[in-house]
Amino acid sequence: MTITITAFERSPDGGKGLARDTRVRWALEEVGQPYEVRPVSFRAMKEPAHLALHPFGQIPTYQESDLVLFETGAIVLHIAERYEGLLPTERNARARAITWMFAALNTVEPPILELSMARMLEGDKPWSQERLPLVMDRVRDRLRQLSARLGDADWLDGAFSAGDLMMVSVLLRLRASGLLDEFPNLASYVARGEARPAYKRAFDAQRALNTGKPLPG
Ligand code: GTB
């Protein structure tokens with residue numbers, strides 16, 4: 001049974017791994033499932049064939065036999081539930097790992113996205129310089145809370161889980177802002193995620209697609 005995901009034909013980040021197909025690739029690498037990638041252009045994303053897979057005309061999508069999924073939260077949860085390696089078997093631990101997935105997507109990612117939008121789309125507005133510190137403080141608030149909870153643990157709740165995969169994926173986007181460095185335990189947490197062999201394989205694969213060349217060595 002072939003798993004096929006969609007990804008940007010050329011990601012605007014030029015292969016930094018920030019587009020959301022990376023987290024799906026990472027999940028598939030963690031559970032050891034091979035997958036194929038179908039690159040789609042921005043134009044094709046808005047055409048009926050792709051809209052039939054993704055009602056909002058975005059990437060990534062996930063196809064496995066007659067199952068079609070969109071939304072990375074749902075896709076990673078599906079992978080984690082179907083294959084071993086990303087969720088604990090004990091029921092309460094499993095529920096807590098899923099809680100961290102939702103926390104990453106619903107509580108931590110929104111202010112981070114707001115910051116990206118403020119930087120990318122609002123920089124030329126007269127009120128931008130006044131607003132940016134407020135947006136950054138909203139991210140800081142979440143990071144402070146997350147940092148306090150993580151403490152000196154390696155992962156959010158025991159062993160690495162889909163909750164960590166999602167949280168690290170969300171936090172990665174902050175690197176350029178410098179905010180992550182204000183919280184050394186979170187910076188180390190992200191670095192631990194990136195050091196996982198499965199993450200490295202996922203990153204290298206998306207990079208090869210986006211730059212047309214594999215990593216040297
Ligand atoms: N909630 C959805 C999910 O989690 O699956 C969001 C999916 C989404 O935002 N997809 C983006 C997309 O298809 C790509 S990942 N955008 C095209 C469109 O909407 O027309 C977001 C993204 C894009 C680019 C960068 N980058 O260049 O740094 C980072 C993240």
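**Reading rings and a ligand site**

Me: Which side-chain atom lies 2.5 Å from an oxygen atom of the ligand?

Reply: An N or O atom in the side chain of Lys46 lies 2.5 Å from a ligand oxygen atom; a polar contact here is a pair of N or O atoms within 3.5 Å. A polar side-chain atom of Gln58 is 3.0 Å from an oxygen atom of the ligand, and a polar backbone atom of Asp13 is 3.0 Å from one. The protein buries 79% of the 680 Å² that the ligand exposes when taken alone, by the Shrake-Rupley method with a 1.4 Å probe. One note: this is a predicted model, with local features needing pLDDT of at least 70 and side-chain atom pairs pLDDT 80 or more, while totals for chains, interfaces and linings use all residues. Residues are numbered from 1 along each chain as its sequence is written, and side-chain values use heavy atoms, without hydrogens and water.

Me: How is a pair of aromatic rings described?

Reply: By the distance of the centres and the angle of the planes. Rings of Phe, Tyr and Trp (its six-membered ring) pair if their centres lie within 6.5 Å, and planes under 30 degrees apart are stacked, over 60 edge-to-face, the rest tilted. The count here is 7 aromatic pairs. Trp26 and Tyr199 are edge-to-face, 4.9 Å centre to centre with 75° between the planes.

Me: Which residues do ring pairs link into a cluster?

Reply: Trp26, Trp155, Phe160, Tyr189, Tyr199 and Phe203. Trp26 has 0% relative accessibility and is buried, as is Tyr199 at 5%; buried means under 20% relative accessible area (1.4 Å probe, protein chains only).

Definitions and conventions: Buried < 20%, exposed > 50% of the residue type's maximum accessible area, 1.4 Å probe, protein only. Polar contact = N/O pair within 3.5 Å; in protein donor to acceptor, adjacent residues only side chain to side chain.
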